[in-house]
Structure formats: C-alpha cells, structure tokens
Amino acid sequence: MNDLRSRIAAIVERDRRRHGEAGVSGGAGTETLSTRETPSLRDGDPSRAGALGAGASAGLPFSVFEQRIALDDLGLEIVGRGACDARLIAHLGLKGDAPARWQDVLWLDTETTGLAGGTGTYVFLLGIAYFAEGELVLRQHLLHDIGYERAFVETIQAEIEPFRACASYNGKSFDLPLLRTRWVMALRSEIAVDESHLDLLHPARRLWRDRFGSTGLKQLEESLFDEGRTSDIPGALIPDAYFHYLRKRDPAIIAPVLEHNARDIVSLVRVADRVAVAVLAARSGRAPDHAPAAYALARSFERTGELDAAFACYESAFYDGDNPLRVKLALAFARQLERRADVQRALRMMETLLELGLGSPRWREQAESRVRRLTKKRWRHLKPAS
Amino acid sequence: MRTNVRFPARVSLEQILDGLLRDEEFQQMVTRWETIAPRPARYAPFPEWLDGRIGAALRRRGIQQLYSHQAAALDATRAGKHVVVVTPTASGKTLCYNLPVLDAIAKDHTSRALYIFPTKALSQDQLAELEGESTDMDIELKTYTYDGDTPPAVRAAIRSAGHVVITNPDMLHTGILPHHTKWVKLFENLRYVVLDELHTYRGVFGSHVANVLRRLRRICEFYGSHPVFICTSATIANPEELARHHIEDDVVVIDESGAPRGAKVLVFVNPPVVNRNLGVRKSALLTGRDIAATLLASGVQTIAFARSRVQTELLLTYLRSRFPQPQWPSNLIRGYRGGYLPSERRAIERGLRDGSVRGVVSTNALELGIDIGALQAAVLLGYPGTVASTWQQMGRAGRREDLSAAFLVATSSPTDQYVVQHPEYVLERSPEAGLVNPDNLHVLVHHLKCAAFEIPFDARERFGTEDTPGVLAYLDEQGVLHEAGGKYHWSDQAFPAETTSLRTATNDNVVIVDTTGPAPRTVGSEYHDGKARVIGEIDRFAAQVLLHEQAIYLHESKQLQVERLDWENAKAYVREVKVDYYTQAELAVRIRVIDEFERHTANRGFDLAHGEVLVSTLTTIFKKLTMYTHENVGWGKIHLPEQELQTTSFWCSLPERVVAGWPKERIEVALAGLGNLLHGLAPLFLMCDPHDLGLAVEVRSPHTERPTIYLFDMTPGGIGFSERLFRSYEPLIARAREHLDSCGCRTGCPSCVGPAYALGADVRESVAHLLSLA
C-alpha cells in the first residue's frame, strides 16, 4: 500500500491545481511571501514592531496597539467635532437609531484569514477607533495565534460593549457577519455593537463612483485627499501574510498589515467627514459640482425630508448633467418644482426632454402622463378664482 | 401487436391486459407473466403518547389508525432510537417521520427538525404535505425549503424561525454546515434528522453524504444536541449496514409493511431475435414504444423509464410522432430527466397529478418518491441495473389499491438478457446491497478539511478513519491546518466546501449553452428568447463522450449539435439542428497498476488481485449512426486531452499454460469476449450501473506479464466495487458460464461476449473454451 502521506499529497495537490490556487494557498504561499519584498515601515513603526515582538515572545495570545491622533492632524471639519446631528448621520448610510454623540460611534475594520466568510474564516486583527478628548483613539487588536481566539474575543467584547453604534466601510455585508460568527464560535453569544450601523460604502459609492470609477478606500484617498499609498500591502495578500506570520512569528511580516488596517480606519473617518462636508455645503446652497454627486445628494435629502436642499441639488444636477442624467432625475425634479408651484418650469423641462426624443419608451409614457397632468394643473392656476 | 393510436378506444387496463394475453405475437416475447395478489392492510392504534391534536386531525382525514410499520417507527423514535423504515413505494413512509416531528413540535415549540432529501423535487412535495398536515392539526409550524432556489431575502428568517428545514445534501454541504453559526437555533434544538430515500446515498454520492453527516453530527455535538435519525429506504439487501455507515450508531430496522397493495401484473418481455447469427434482437426502445403507445392510446396513464438521457429523448421523439398534434394535446407526453430546469419539472409533476399529462418518459429521476400521483402502468426500457430500482420503478404504477401493470422490456445487454431469461432473479432474489465507502481517502480528506473549517479539530478527535491524527498532522504540515493548543484550526483562504460537488468525485462539470436564436414556432417556450442560455450540465468524464465537437446532444427531444467545446472553460456551445442520425464516441483505455492490495490464486492458476490503478482514457473518434436502424453513416475525429483516473480495480490474469499455443489473435478475441461477459454480469453483484465499472483487457499486461482483464471503479479512489468483485469471483464465473450456455446466439452477440462481427467469428467458442479451463 502506498504511503498515506503521498496519497493525500496527490489529492491536496490536485485540488489546488484545479482551483488555480497554486502558489497562493497553504504551504506554497510561504514561498511567494518570502520572495516578495516586505514593505518598509513608516514613521514610528519600528517601536511598534518591537512591542509586537515582545507581546508575541512573551506568549501573550494577542496584543493591542494604541495610537492617538489629533482631529486637526486628520483634517476633520465636521465628524468628531461638535454635536452629532441625526439628519446628517442619516446621510452617512445609517441603519438603525442615530447615535447622540460622535463619541458613541465605534469605527471599525477587520483583517481576516479569507474573503469567503463562513465559520473557518478568522478575524485576526480588529482595528477600532473612537473620539475621546479631542483625539481619535485608534486601538488595534492583533491575535497572535488563532488557537487563542476566545481570550481575544472576550477582551474585545468588554472593550466594545459601551458602544451601540458602529461605522465601517462595507461592514454590513463583510465585517459584521464575520464578527458575529466569531462571537458565536468563541463565546456562543451575540455581538451587539451593530444595532445602529453607518456603512460608509453606500454614500461613498453614490457620491463618487461615477467620478472616480472605483470607490475603494485606496482610490478615495488618492482622489479625495491626493494621498496615494506607496507601500501598502494588497488586501488579497493579507491572509497569506498572516498564515506566514503564524508560522514564523516575525513581526516584520505582520507590520504592513497593521499599517494597512490603521490607514483603512483613518480613511474611513476622513471619508465620513468628506461626505458630511458635502452634505452641509449642499444644505447651504452649494451643491456638488459633479452632477451625479448632486443627484445622489438630492435623493438623500429627499429621504431625510430636507426638500429645499434636495431642490438645490436637483437643479444643479439638471444643469450640469448630461441628457441621460437629466432624464433620470426629471420626474423627481419636476415634482420638486411643482411643490414650489413652478408648474411652468416643470412643464417646459418635461416637454423639452420629450421633444429631444430622450428616454426609454416606458419613461416617455410616464413623462407624457406627467405633462398632461401638469397642463391641466396650469390651466386651473391660470383660471381666475371664482 | 397492433396499436390503434389514431382513434382512442377508452378501454380499461384489464381489457388491455386481457388483449395482450390473447395476442400470440406478444406472448412469444413474454418470458414471465406474473400476477401479484392484492394484500390487505395491517393496522395498529395511535400511540397514547401522541399529541391529541394529531390523532384528531388524522381521523378527520379518514385515517382511523396507523399501519403497523408506522406505529413501530413511532415507538422506536419515542424511545430515542435511530430508525430505518424499509417498505414499498406508497406505504405511507412519510407519516413515519412526520408524526414524531409534529408531536415533538406540538409538545415543545422550540424543537427543530432537519429533512434531507436527495433531490430538490422531493423536498417540494414534502413541504406541501407537511404544511397541509400542520394546518389541519392546529399546530403552529413553520416549514421551509432551504436550497439553491431559496431567495436570499427569506434565508435569515428560515435560519432562526423554521421548525422544519427541508434541504438536500448538497445544500447542507455548502450552504448550511459551513455557516452553522447562523443556524444556532436549529442546531441547539435539533430533535430529528430525516434521511429520506436512504438507498440513494450509496456509491460515491453516498460516501460523500456519509461524511457530510459526520460533519453534521460534529456540529450538533458542538451545540449540545443529539438528534434521532429517521431514515426511509427502498428495499435493499443491507438497510441496516447502509444506515449504520451513515449514522455510525445502532439502528432499528422496520421492514414489515402494514400497508395494503392492489393487484399487480408484472410482465417480462424479451424482444424477438431479428438476426440469429449476429444475435441482434428487436430494439427494446421500439418494443417499449409499442407497449407504451398501446396503453396511452387507451387513456391509461403511463410512465416509461429509459436507461439514459439519450434514450429518454429518443423514446419521447418516437412517441410524440405516434400522437401528432393537433389531434392530440401537445403535453400528452412529456420528458423528465436531470438537466431539465426546475420550473419545467414542477410543471410536469403537476400535469401528472392533475391528469393533463398522460404519459411521461423519464430516466431514473422519477424513480424516487416524487409525488406524481397514481399511475396505472409502467414500462421499463431495459433492466434498471438493480433489483431495488426495478421494484421502485415498477412501484410507480399502482400506488393506490387498484390494478396496475408493469412491463420490463429487456435490451440485448448481458444483464438484461440474464434477467429476462431468469425473471426469478428479480421476483425471488433479495435485492443488492447498497455500498458506500465513507473512508475513501479522496472523499474523507476533503470532508475532513470542511469539518476543520467548521469547527477546529481536537487532536484526539476521530473523523471516520483511525488515522485521523496522521491526516491532521499532514494537513498541518501543508499549511492547510494550523495546530495550536491541542487543536487544529483551518488556516487557508479557500472555502473548502465549494471545491467539491457531492454528486461526482471530480468536481467540474461542463455547462451546455444553447446558442439557437429565436424561432417563431416556439415563441413562448423557455428556450428561445433570442439569447444564449444554459440548458444543463454534464460531468467531464461523460462530456468527452457526449459533448465533443459535432456530437448530437438531445434535450427535450430536440437535436442539438455541439458547435464548439471550450474544454478549458468547461462550456459546450450547441445549436439546434435537424438530422437523422445520432453520434457515438469511442473511448480508448490504458491502465497502469500502482499498488496491489491483495492477491490470490483461484482454481487452475487464474490469478486474482485488486489494488490501485491509474486509468488513462482518450476519445479519438466518433461514429454517426442513423436514428432508427443504427447504421454507421460517417465518422469524425475528436481532439480532446487524455483524462486520467486514479482508482481501484479488480483484475484477473490467465495462467500461461491455459493459453499456451494459442495464436495471439485468439487470445485477444477470447480476452475481449470474456471481459465483455464479466463486465456485463458484474453489476448483478454490485448495486451499480454498468457505467460505474470500466473494462480494460491486455494480452500481455506490463504488471502481471500475462493476459489480464481489468474491471475498475469509475470513481476516483474507488468505492469498493473492486474488492467486492475480488471476493465474488467464484459466483461471477459460475454465472458467466450459466449465461453463456443459455444464450441463444451461435457465435457471440451483444448479450453475452459481444458481437462476433466486431470481435471475431470464434469469440463465443474461445470464451467458452477459456471458461472451461477456469
């Protein structure tokens, strides 16, 4: 009988080939990583790497790294400053009740051993941030070995318990389901931090996708803050970096991941601030220059019932936008005009779009019926009151 | 036999059978006309502990008492014992598990049950039935199907609120177990697991399922529940053994049916020999078509079972041409097989129940307990391969208490000829055993990875094999697992459950894409909306034979020609054509022995062994054969890469002295003939299809250095057929002699050693000579 080992090897190798994962998964990944140049650390990082080394060698199951950053250094204008306005929060992608203060929001981002989800995907790094004493406190929890998950989760649980709202970038469908799974696996309990959740991915996508193409955090950093990441570890390599770290325990392997996570959280907060700035500007009549963004905000204002701001944004989007966008927003814009008793203008706009032959047959049907209704209404208005 | 299909005479089944009995031409084909007497019911009262609402509701439905086997099942589950119920089709097996489940939920609202059905279609039926029962009983019961078709929006509700979750092994494997933390309520309160149609969980699929169940039990353990398993099975020789493999615990077998049975006529039909020299019989397909047409023309609702997808489609085409439109309604006869869309299948099932569909041509897909109501007659085109399947398919007719009929029409294959000439094989013999090999290393390692993904492995834990620690340590070394604190954790990015399908041992299928444009005459049909659409998928091994370029692939009796096969990306692009031929690919097989597990010298120096082999297959050419006469009208080349299969094989090599002095050609012919004969008869000993076994012969094997016949498992890693053959060699040879002696041909025919015109004029004689020396 063949050696068991070589037979399993054949099976495992075949599975790997079949899924085109050679060189990425498992043992083969080790080589990929060791031949890859390890990104250099940024300012202050050597000390962190030292601390990490200490934690790992002292046999602690996990380490916590804390940084405090002044709000001014982050360039924050709205977020983290002053009171937290419930309507503003709604524009930041809120699901659930609005938190009363910025300090009540827990900003978070996880690094995981895979993207597939499910019970075998571990969260090995949880970065959280919150506002305290005029600073952003960033705390990163790094699990040194997935075998000691329970203690890791227990500590984090205690730390995040006071928060009832969280903010994330795509956390609704990625980070939180994974955390919930880890909570069940380690503690058999529920995680409560996401009762209110600000998922910034959605507003960011609405505001900027059209303009920047992608709305990944990295892209937003480049486009909004003009700061490119030069030495960032690509997200796809993070799981393997961690598996490599599990075996080698070399802090230099995991340092770039900590750096990546810290940047993601800081960017998350700054992106939220930019969304808030755009909202406040539009409220005071300065709608975004970019028409699709103005349109997105208009809709958001409609949802929060801020109709004047919605009107300003629709108007701006209509004038700056191209014809397809005009068609898209015309019916809603006409409704706003009608509300402001500007039936004439609403009619003129609809008729022009129809004359230009724009829109799908279905849209034209709706537009024509709107024109008929508006025409009737105009006649009523023109008739002298009897 | 006369068939008068144009003018339907509404005659009863009794009259048709009477007519057939007096039809001399038909009677010449009949090898056995068996009438099974009706059997009265045996009853037992409702158990006292059963919730009052359940009994009351059953009485309202006219059920005053239980059948004896139902009561026995209830008592056993009540005592916390695992149960396997083995009774015929339509004996009320469903109540055997629905009643304990309903009772548990009536008494404790937090109780949960998991129903596992082999196919989606089955679960649809169960859902309707269970919902009907619980409404009647005034028990609040939320039942949901959770499978690939479940919309994401309702999944969350099902996970927390469903009392009974109905699913299939595939969904359990990829959708539920790896996400068990979302199912906390279910796993914490799981009282019952229902495994319906247990006999289908055999072979590769069964070996996978047994491992999925190991994972399920691990997860239940994690959440602290200990569910009772209730299994149902068709009649097989080893229900207890099979259930033990799946449950890995003691099982109570309940196999005395208390249900009544209507009178039934079973007819074994052997189509007449057309050419005695060539041993060619009239096609079973045509004979079966005539019987089915006779029944259908008289309004008898009939099901015809074909052996393969191709045959299903051919028979459908033939029957439809017998009942042309507009004189006959368009959906009088429908096809039904794997590869049809779920919506199509549902429509056909409905049509069968409400009677608008009068006939259906099916592969074994409908052999399972899908509720299609009471059909009156079944026509089996060819022996279904196992005694168990034969009874299942015959049982499709006559689910109620009235007269029904089933016809088994034999093809000229060796198994068919054996069965039709020895009908007692089906009627008297106990059926085959369901074989599984959950410890097949290929299968086990895969599921062990899935299990580690689900819950970290304790270093002392056992998963099937005793060598679990060895496998764990190996996977740790490979970086797939990570050992820490005495536990092995999953440490890979991949989602292991998605890398293997349970249905095939190799996990990639070739998808069939129909690129036919819109055709005015079929507007409204699901196929031609002007876009390319996926109409089915086939595993790679079958694909090299069925989907090579220029192959004619049949779907819903449409002929589709493969225009392009994208082997890399596993896609076959087909377009509808109208031609009068079908295609058949030829497969070349090479074999290399890797490891010999066991060896033994049988009578007179015949050497037997079984072990591990590497089989290489290559399709090189295909033939075009005319539709009705099967004449060869052309051929073409196939350019596909060689396929490799590592599996287990049984082999038998002849001693030098037996063939001493034989010319090489004679050895070749004799070996090929004996190989065909053994390959044809081997399924009689295994619960398998002839296609599950591969055959290769070598005049001088590099391994044994002698003339050798190989019979190998078509499944990577093997599932135990070869070892079974190794141990059944004596009876196999005995049956081969018996079959060859009684075969009506002179020089060799497809029913025994193979056609003499293809192999050599002396094939029968040389095989007989060999057998006399064995």
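How many residues of domain 1 of chain A are in contact with how many residues of domain 2 of chain A? In this predicted model, local features require a pLDDT of at least 70 and side-chain atom pairs count only at pLDDT 80 or more, whereas totals for chains, interfaces and linings use all residues. Residues are numbered from 1 along each chain as its sequence is written, and chains are lettered from A and ligands numbered from 1 in the order in which they are written.

The contact between the two domains of chain A involves 10 residues of domain 1 and 8 residues of domain 2, two residues being in contact if their C-beta atoms, placed from the backbone, lie within 7 Å. On the side of domain 1 that touches domain 2, two or more residues each are given by α5 (86-91), α8 (201-212) and α11 (251-283) of chain A; helices (H or I, at least four residues) and strands (E, at least two) are DSSP runs, numbered from the N terminus. The largest share of this side, 5 residues, comes from α8(A). By class, the side of domain 1 of chain A that touches domain 2 has 5 nonpolar, 1 polar and 4 charged residues, where Ala, Val, Leu, Ile, Met, Phe, Trp, Tyr, Cys and Pro count as nonpolar, Asp, Glu, Lys and Arg as charged, and the others, Gly among them, as polar. The domain assignment places domain 1 at 27-280 and domain 2 at 290-382 of chain A, with bounds that come from an automatic or database domain assignment, and the C-alpha centres of the two domains lie 41 Å apart.

Chain A as a whole has 16 helices and 7 strands. Of its 386 residues, 44% are buried, that is, they have 20 or more other C-beta atoms within 10 Å of their own, with C-beta atoms placed from the backbone. Among the contacts in chain A with a separation of 6 or more, 67% are between residues 24 or more positions apart.

Within chain A, helix α6 (residues 149-160) and helix α7 (residues 175-187) pack at an angle of about 115°, with their axes 9 Å apart; axes are lines fitted to C-alpha atoms, for helices over the stretch in contact, and angles run from 0 to 180 degrees between N-to-C directions. In this contact, Glu149(A), Arg150(A), Val153(A), Glu154(A) and Gln157(A) of α6(A) meet Arg182(A), Trp183(A), Ala186(A) and Leu187(A) of α7(A), and the residues divide into 4 nonpolar, 1 polar and 4 charged.

In chain B, helix α24 (residues 729-742) and helix α26 (residues 763-773) pack at an angle of about 145°, with their axes 11 Å apart. Ala736(B), Arg737(B) and Leu740(B) in α24(B) meet Val767(B), Ala768(B) and Leu771(B) in α26(B), a contact with 5 nonpolar, no polar and 1 charged residues.

Strand pairing in chain B (at least two DSSP bridges between two strands) includes strand β27 (residues 581-601) and strand β28 (residues 607-626), which run antiparallel and are joined by 19 bridges. Val593(B) stands opposite Val613(B) in β28(B), and in the hairpin of β27(B) and β28(B), with 5 residues between the strands, Arg604(B) takes a positive phi near 50°. β28(B) also pairs in the antiparallel sense with strand β30 (residues 643-653) over 11 bridges, with Ala609(B) opposite Trp651(B) in β30(B). The antiparallel pairing of β28(B) with strand β29 (residues 632-637) extends over 5 bridges, and the bridge partner of Lys623(B) in β29(B) is Trp635(B).

Methods
A residue is buried if 20 or more other C-beta atoms lie within 10 Å of its own, exposed if 12 or fewer, and partly exposed in between; C-beta atoms are placed from the backbone.
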